[in-house]
Amino acid sequence: MRITSIPQMFRNVRRGTEIVSVLSKYGLADWLSGTNIDFAKDQLRHRDGEILARLTREARIRLTLTELGPTFIKLGQLLSTRPDLVGKDLATELQQLQSSTPADSPEQVRQTVEAELGQPIEQLFAEFDLTPIASASIGQVHQARLLTGERVVVKVQHAGIEQKVNEDLEVLAGMAQLSENLSEFKPYRPIANLAEMGRTLRRELDFGREERNLLQFASLFGDDETVCIPRPFTDLCTQRVLTMTMVDGLPMSHTAAVDAAGIDREQVARRGAELYLQMIFTHGFYHADPHPGNILLLPGNVIALIDFGMVGRIDERLREDIEEMLLAIVNHDVPMLTRLIKRIGAIPPNLDEAGLANDVADFVGHYSTQALDQFDLSGSLTDMVEIIRRYQITLPTQVAMLIKVLVTLEGTTRLLSAKFSLMELIQPMHRQMVLRRLSPARAAKKLRRLFVELEHLSEVLPQRVMQILEQVQSGKFDVHLDHRGLGPSVNRLVLGMLASALFMGSSLMLAHQVPPHVMHIPYLTEFLGLEKISLLGLSGCTLSLLVGLRLLRAIGKSGHLDQKVSK
């Protein structure tokens, strides 16, 4: 392994030592859980007093992330959206992660706000409550009142959180590079997945991005009186401070208070689901965290969305594929669903296509018996992701996030209406999708895009052709061939040639009795017909025979010369 593969771990030795220490404790608990050493199992405990060795492995992973701090909690929350990577059980367990981080002191909050906004708090706000109403892993929320009298909430980033996150990500990058070469971790693609989650986490550190998300959603739904989006105050927003209007609504989970306020739960559930489907399948830009705490209800059946730190985007082609996948589930179209899974995901080279088709057929057969108004969309999506994971198909991040959003959305809407079915709203969309694909506007857009690409091709093609002809004429035209899968064969060929050369050379040394000689060995001297046996020749022949046997064994195990030796 190269030295450059682990510089991050040693750049932050103290934090790296803390992480390794916690991982070692939970790793020991995992080992003890499989033994009968009962007295030792009770010695390792979580800081809350739970006996680690008597918990499930998924619970131990959740507690490990909790003990390691805010960065790992956020990464665990991101992993909870990827059951295609970690499995359904672990993803469900990680959904319980709570990022309740101790709040910064009032003095630190004042210092952060004034440093970011460039003025004393008293000159910026008529009132500012330095005691937060909530504190999460990245920031904390304060109530305030503007000089104009408007009530606002101010989201303030924790002091030093950016440095801590970067430090933890650097240590994790070193660990990911080490684990990439371990067979048990390689299917999880630790380097690529950590890089993707690291980008997502760093985006959440930029409150300016959340401000832009608020402005974009406000422009999309500014004319819709049934939707409330908090309005950011740009003059009071920076990368670490976000000021927006306060939304004083009822959480969806408080059903008794919702009924007392005269809110029609059935109507709100349907309108909320329609709102999300509109965001996903019309705008391709959606609020990606629809749990009950982020959806508030206002008088007049108005739906308010808060916390736009995590949003999802899908392009037109991917959106059409997802639409077809949902409709294939509804219409019980097994071949179409199988093709879409292979087209959307990154399939492994040794995919068992027959097995995948059979599992998809069983999946469709199971859910085809459910009535549309009772269709379990979240269960069907979860089972489909489990099939995808079983065949080591990797979904794009956008698809995994969207599946998580649909599953969460159905659970959230059923808090308001137990009989609500999200699939009832999706099924009639088929006609709209067909009309949208056949619309002149979509055809004109594709033709315009094709024209731009052909125009660019017409500009660069003559120049490139002239360059190739000039290289051919001057004798500088090179063709580079990439031989794939020949590495093991070449290695065996070279090793076989070396073994042959070693055997021939050693045989000549034996024949000419090249000194030094071995002592007289009964039977061996008579067997070879030599009076003096060359020590170098005998050693070379023995080594070449061992190498030859090793080559024969490798070829026999692989079955083909151009395949790697199976371990």
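Tutor: Let us begin with a term: a polar contact is a pair of N or O atoms within 3.5 Å. Please also note that this is a predicted model.
Student: Which residue caps the N-terminal end of α14?
Tutor: The cap is Asp 264, which has a side-chain oxygen 3.2 Å from the backbone nitrogen of Glu 266.
Student: How far apart are the end C-alpha atoms of α14, and what span should its 19 residues have?
Tutor: The end C-alpha atoms of α14 (residues 265-283) are 26 Å apart. At 1.5 Å a residue the helix should span 27 Å, so the two values agree.
Student: What comes just after α14?
Tutor: Gly 284 does, with a positive phi of about 65 degrees.
Student: And which residues of α14 are buried?
Tutor: Among them are Val 268, Arg 271, Leu 275, Tyr 276 and Phe 281.
Student: Now the strands. Which way do the residues of β9 point?
Tutor: In β9 (residues 295-298), Ile 295 and Leu 297 point one way, while Leu 296 and Leu 298 point the other way. All of these are buried.
Student: Why would they alternate?
Tutor: Side chains in a regular strand alternate between the two faces of the sheet.
Student: How many bridges join β9 to β10?
Tutor: Four bridges join them, and the strands run antiparallel. Leu 305 in β10 is the bridge partner of Ile 295. In their hairpin, three residues lie between the strands, and Gly 300 has a positive phi near 85 degrees.
Student: What about β7 and β9?
Tutor: Two bridges join β7 (residues 250-251) to β9, and these strands run antiparallel. Pro 251 stands opposite Leu 296 in β9.

Terms used: Residues numbered from 1 in each chain as written. Predicted model: local features only at pLDDT ≥ 70, side-chain atom pairs only at ≥ 80, totals over all residues. Heavy atoms only, no water. Buried < 20%, exposed > 50% of the residue type's maximum accessible area, 1.4 Å probe, protein only. Pairing = 2+ DSSP bridges. Expected span 1.5 Å × (residues − 1). Polar contact = N/O pair within 3.5 Å; in protein donor to acceptor, adjacent residues only side chain to side chain.
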